[in-house]
Amino acid sequence: MIPPEFEYYAPTSVDDAIALLSRFNGEAKVLAGGHSLLPLMKLRLASPSVLVDINRIPGLSYIKEEGGHLKIGATTRTNDLLDSTLLRKSYPILTDAAHEIADPLVRNLGTVGGNVCHGDPGNDLPACMLALGGVFALAGPDGARTVPASEFYKDTFVTAVGPTEMLVEVRIPQPVARQGTAYHKIEKRIGDFAMAGAGARVVLDESGKVTAAGIGLTGVGATAIHATKAAAALLGQPADDAHLQQAALVAQGESQPVSDLRGPAEYKRAMAGVLTHRVLVRAVARAKGGA
Amino acid sequence: MSADAPHVKGGIGQSILRKEDARLIRGKGNFVDDVKLPGMLYLDITRSPYAHAKITAIRTDKALKVPGVLAVITGKDLEAAGLAWMPTLMSDKQMVLPTDTVMYQAQEVAAVVADSRYAAADGAAAVEVDYEPLPVVTNPFKALEPGAPVIRTDRAEKSNHIWHWETGDKAGTDAALDGSAVRVTQDLYIPRIHVSSMETCGCVANMDPVSGRFTIWMTTQAPHAIRTVYALVTGLPEQNIRVISPDIGGGFGGKVPVYPGYVLASVASIKTGHPVKWIEDRSENLQADSFARDYHIHAEIGATQDGHVTALRVKTLADHGYTDAAANPSKFPAGLFHIITGSYPFAKAFVEVDAAYTNKPPGGIAYRCSFRVTEAVYTIERMMDLLAHKLNIDPAELRLKNFIPPEAFPFRSALGWTYDSGNYAGALRKAMEIIDYAGLRREQEAKRAKGELMGIGISSFTEIVGAGPSQTFDILGIKMFDSAEVRIHPTGKVIARFGTKSQGQGHETTYAQILAEELGLPADDIRVEEGDTDTAPYGLGTYASRSTPTAGAAASMAARKIREKARVIAAHLLEVSPDDVEWKDYAFRVKGVPGKSKTMAEVAFAAYTNHPKGTEAGLEATDYYDPPNMTYPFGSYICVVDIDKETGQVSVRRFVAVDDCGTIINPMIVDGQIHGGLTMGFAPALLEEIQYDEDGNIHGGTFMDYLVPTAVETPNWETAKTVTPSPHHPIGAKGVGESATVGAPPAIANAVMDALRPYGVDHIDIPLHPWKVWQALHGGGKSA
Amino acid sequence: MAATARPVTPAASLTTAGGTTTRIHITVNGELYSAEVEPRTLLVYFLREVLGLTGTHVGCDTTNCGACTVHLDGRPVKSCTVLAVQANGRQVRTVEGLEVGGKLSPVQQAFYEEHGLQCGFCTPGMMMTATALLARNPNPSDAEVRDAIRGNLCRCTGYVNIVKAIKAAGKKMQEPPAGGGGA
């Protein structure tokens, strides 16, 4: 319950934060919402000697469209995603996911940056970023760089963010016509980690054929899984149920679940398919103008 | 009740608001962790990561160097004082701290005393322990095999078999089963669960070196029993021990045992001369404190061809962890499991239970279970449904056909219980009507034709509570009576103290209501206190739904003793003979002379200002109530579930609970108890379990993994009542706190299995995780 | 700001001897406090043990149960997972701050009238979440209430009366005040 001692800094600019991370050369951890890090420290499963609190850095919390992208600042609270009418209208996958993350109290402090950077295969936003083709903007001592979501997740709790870098922004391409997105997960009990989850983006042409697709899976691998084969299987196909089922089967095959308290691997694999199908159905309905 | 009928404000049957709420809604409760004393120190505990290991070394030097740490206590320190081991409430032994071997993961190994909570935590993390792992025993069947590693080498008998207990007519039951036209056999496992009250356990122990008084604020449901146990174990004189159980954030049985932390804090206080606070973390609570269930049951039921039950035979293996610390009444090591013939008149029955040691924490009955009645009711109600399916008889019809009829009460069961009263068919019919059972079966038929999964499950349970009559019930030899001490002040106000201890059940309100009814004084004028052993009369505490049947009865009896004396005083005031005075419509009235009367308040004043010659002044009485029998609340629950075929997820669409707890003191409070109890029945059926892997590592040891229900999945419970008073209780009340936890799990399990009938699956053990249902839907076979 | 802050004495603090501390200023229930705290001091312990506001409770160690819920700048958060230093310069409201001049808030009154509590341990956190919900949505549906309190666990009530209490409070808050002043 009681975390071990640590030094604490609350810089007021990204540059100062980076300077601190560099100074402590990998011994410092970024504190954003703290609702993944502090629980680990309270159980003494993590004991960083330095915390760099980035919550005092102004201008890191926003949701806006600019330059062809949806841009979300790293310290945007997860509940702010739920409150955004822009997201509900144009990026409902994020509204869907936000509602299913943890609980409303955790979401008042938990950040978008934390949810995409923590690297837990049970986090929900990574699958969304994979489905949307998101890009992460990082800041570090050597300057700024971007990493596409598809290259971001390396292993459990290991992402492309280096020990002296921090995420500053998440970018998602603005939607095109006849685009639909959706996210859903199933869990043993609300707020728990997923037994399986899936996020999808589809774009249809006028005849109802799929011209673009992206699928991400939660909780069925060492990281969030980018189901590229399943998405590829949809391209050029009519978005009828038979083809959605087929793509779901491919996604199922791309999942790599392990058996644990959230279910046997066999079950999770099957659920990866079921959920992919369900979010594809929803995304297609939204692409056609439904909800 | 018409507006004109005589009534007292806050009497029995009224849903008055609770007196205890005033402080709780303002955040001004006094829970153990709120207690703050000058010079108070903190205790934290170093725990074993291994389930079974020899301790080869403990190094405390680093811990002692942590700023703020004052002392480290190990098993060797306690051994010198004869305190390394202490008795359990079942007359087995448990360790306070090990001297050489740890026997479960998270077992206490050393205690650190420091001047702050934070320093104590740092100290506990800094104690270094070397372990030599030993073979781990987690499977109770394997524990009983010859050659299994012996866990309790301290016992004379070198085996993991704790005891064998049986009751009933073995030969007669075997013969009856052999002669039965229909027999159904089923293995059922009820996994380990943990009650997880929102407040964890803790204490503040204060040995005052000047006065020699030892005071301990403790999260305990049984303060007097604790005081006596402390006196016997420590040698401290009992009059110098004061146990204070203040506001308790939920108990449910988990706050009955004596945990090592209490003893360690007490030792630390005696050693340092300062108050010492110990508050466990949630993880410690889940991993080391008393669990519940863990019964491996083999049940066989026999019936005639037309569905009349004939015999019941049950063999159970009980996994007790490393010691028998289940707080059962001493004559019943398997608790009241032999209520298992349930609501049905089995002519023959036989039950046997064997208990085994394993490398797990001890316990067994801490989850609102009425001493193993949850296990019994789950078994019989599942078996009745299995029988109904085998016979192709509707499960409601099978029950109605078999119920013990109202005229058969008092009913003596084949296993020795005398049920006081019941109207089982009345409760089931009411539930069926409320939920439109016939309509649901029609809906189910239509859905089945389309391949949709919907299930209806029934549980018609008989509870057994109110422990208990002194010839059969004791804990460590202390008889299980309970008590009320009632005193009326000159201005007609009342103070009453009890030997029980509420942990949310609302005794400050409900006992006041009983007294209001019996004394004719408004409940607002009656102050109820519990939990301070210096002032409360001796009692065995609150658990197993015993308070209303025992202390509630004591309240009535004490009030009636007061009324007897008050009648004499009233006669004196009315200038008539006491024989001419009767208590009627809440006042003392001269027989045959309307208008000549005295209220209790007037009598109270006279008791101090004008008491008659030959009578003592004052107006008070104490009653120690020895119940003549247990009470037998009952009910019928009907649950409707829908199952998502693709995911196996179970959704409870409706749940109707008809309860009968006899006379209802406060309908609002009774419903609250039922809502909470149903939720604690829903949880084990669908969500909660604690598992151990082969190395004795716990799975489900934090709230991240041990999932208790939130408001989202908890159904909107529908409740109704029938009222069948207990003939032997002074106000006909039976108690209700645990009925719903007892009755709900089989209703839900039966509903799920009913939904899966087309798939030919007989039984799936709870909790009914989605993947278990899914596996059954995808060719899981007969029995999972 | 520091000139009007009420300092909290070091003797009441949670500091371990030798630990580095930092000075923070927090407004709690409208009163400004200043104190020396270690960075690792959790907000819940700061409230309970430095300020003596024991109405906020600790029910778990994995940020699941919500017994520790308080308002931080108006938003309900789990104070066991907030460092006191993170609340520096900010506003905190606890259950003790719900009542005004000894008069219960509508949420408190409703919990009392609807039997929305039994042991009372989860209740402060539950009421803080409810208060914040009703400030945003004074007329929530059953499902909305249940969703809003899904981060607050209760073992006693089965939630039925908690939902009733919250809805009743919302209704009450929408009624025009009875003649003679505000709520």
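# Three chains in conversation

Trainee: Which residues is B:Arg546 in contact with, leaving aside its neighbours within four places in sequence?

Mentor: B:Arg546 is in contact with B:Gly466, B:Ala467, B:Met480, B:Phe481, B:Asp482, B:Thr500, B:Leu540, B:Gly541 and B:Ala551. Please keep in mind that this is a predicted model.

Trainee: Is B:Arg546 buried or exposed, then?

Mentor: B:Arg546 counts as buried because its relative accessible area is 0%, and the cut-off for buried is under 20%.

Trainee: And where is B:Arg546 placed in chain B?

Mentor: It sits in the loop that runs between strand 27 (526-530) and helix 15 (547-574) of chain B. One of its contacts, B:Gly541, has its backbone oxygen 2.7 Å from a polar atom of the B:Arg546 side chain.

Trainee: Let us stay with loops. Where in chain B is a peptide bond cis?

Mentor: A cis bond joins B:Phe409 and B:Pro410, with omega about -5°. B:Pro410 belongs to the loop between helix 11 (395-402) and strand 20 (411-412) of chain B. Another cis bond runs from B:Ile766 to B:Pro767, where omega is near -5°. B:Pro767 is in the loop between helix 18 (739-755) and helix 19 of chain B.

Trainee: What is the phi of B:Tyr586?

Mentor: Phi of B:Tyr586 is near 65°, which is positive although the residue is not a glycine. B:Tyr586 lies in the loop between strand 28 (581-584) and strand 29 (587-590) of chain B. In chain A, A:Arg44 is also a residue other than glycine with a positive phi, about 60°.

Trainee: Where is A:Arg44?

Mentor: A:Arg44 is in the loop between helix 2 (37-42) and strand 3 (50-53) of chain A. With 28% relative accessibility, A:Arg44 counts as partly exposed.

Trainee: Moving on to chain A as a whole: how many helices and strands does it have?

Mentor: Chain A has eleven helices and 14 strands. Its C-alpha trace spans about 60 × 45 × 30 Å along the principal axes.

Trainee: What does the radius of gyration of chain A agree with?

Mentor: The radius for chain A is 19 Å, and a compact globule of 291 residues would have one near 19 Å, so the value agrees with that of a compact globule. Buried residues make up 61% of the 291 residues in chain A. Of the contacts in chain A between residues at least 6 apart in sequence, 63% join residues at least 24 apart.

Trainee: Which residues does A:Pro173 touch, not counting those up to four places away in sequence?

Mentor: A:Pro173 touches A:Gly68, A:His69, A:Tyr91, A:Leu132 and A:Gly133. A:Pro173 is in strand 10 (residues 166-173) of chain A.

Trainee: How exposed is A:Pro173?

Mentor: A:Pro173 is partly exposed, since its relative accessible area is 33%, a value between the cut-offs of 20% and 50%.

Trainee: Now the interfaces. How many residues does the contact between chain B and chain A take from each?

Mentor: That contact takes 28 residues from chain B and 23 residues from chain A. Together these chains bury about 2,300 Å², with 63% of the area on carbon and sulfur atoms. Four salt bridges are counted between chain B and chain A. B:Glu646 and A:Arg278 form a salt bridge, with the closest N and O atoms 2.8 Å apart.

Trainee: Which elements of chain B give two or more residues to that side?

Mentor: They are helix 4 (117-126) and helix 19 (770-777) of chain B. Helix 4 gives the most, with five residues. The side of chain B that touches chain A divides into twelve nonpolar, nine polar and seven charged residues.

Trainee: And what is the area buried between chain C and chain B?

Mentor: About 4,600 Å² is buried there, and carbon and sulfur atoms give 57% of it. C:Tyr112, C:His115 and C:Arg155 supply 18% of the area that chain C buries against chain B, more than any other three residues. The contact takes 49 residues from chain C and 60 residues from chain B.

Trainee: How many salt bridges are there between chain C and chain B?

Mentor: There are six salt bridges between them. In a salt bridge between B:Arg26 and C:Glu99, the side chains meet at 2.6 Å, N to O. The polar contacts between chain C and chain B number 23 residue pairs, both residues at pLDDT 80 or more.

Definitions and conventions. Residues numbered from 1 in each chain as written. Chains lettered and ligands numbered in written order. Predicted model: local features only at pLDDT ≥ 70, side-chain atom pairs only at ≥ 80, totals over all residues. Heavy atoms only, no water. Contact = heavy atoms within 4.5 Å. Buried area = accessible area lost by both parts, 1.4 Å probe. Helix = DSSP H or I, 4+ residues; strand = E, 2+ residues; numbered from the N terminus. Nonpolar A, V, L, I, M, F, W, Y, C, P; charged D, E, K, R; others polar. Rg over C-alpha atoms; globule rule 2.2 N^0.38 Å. Buried < 20%, exposed > 50% of the residue type's maximum accessible area, 1.4 Å probe, protein only. Polar contact = N/O pair within 3.5 Å; in protein donor to acceptor, adjacent residues only side chain to side chain.
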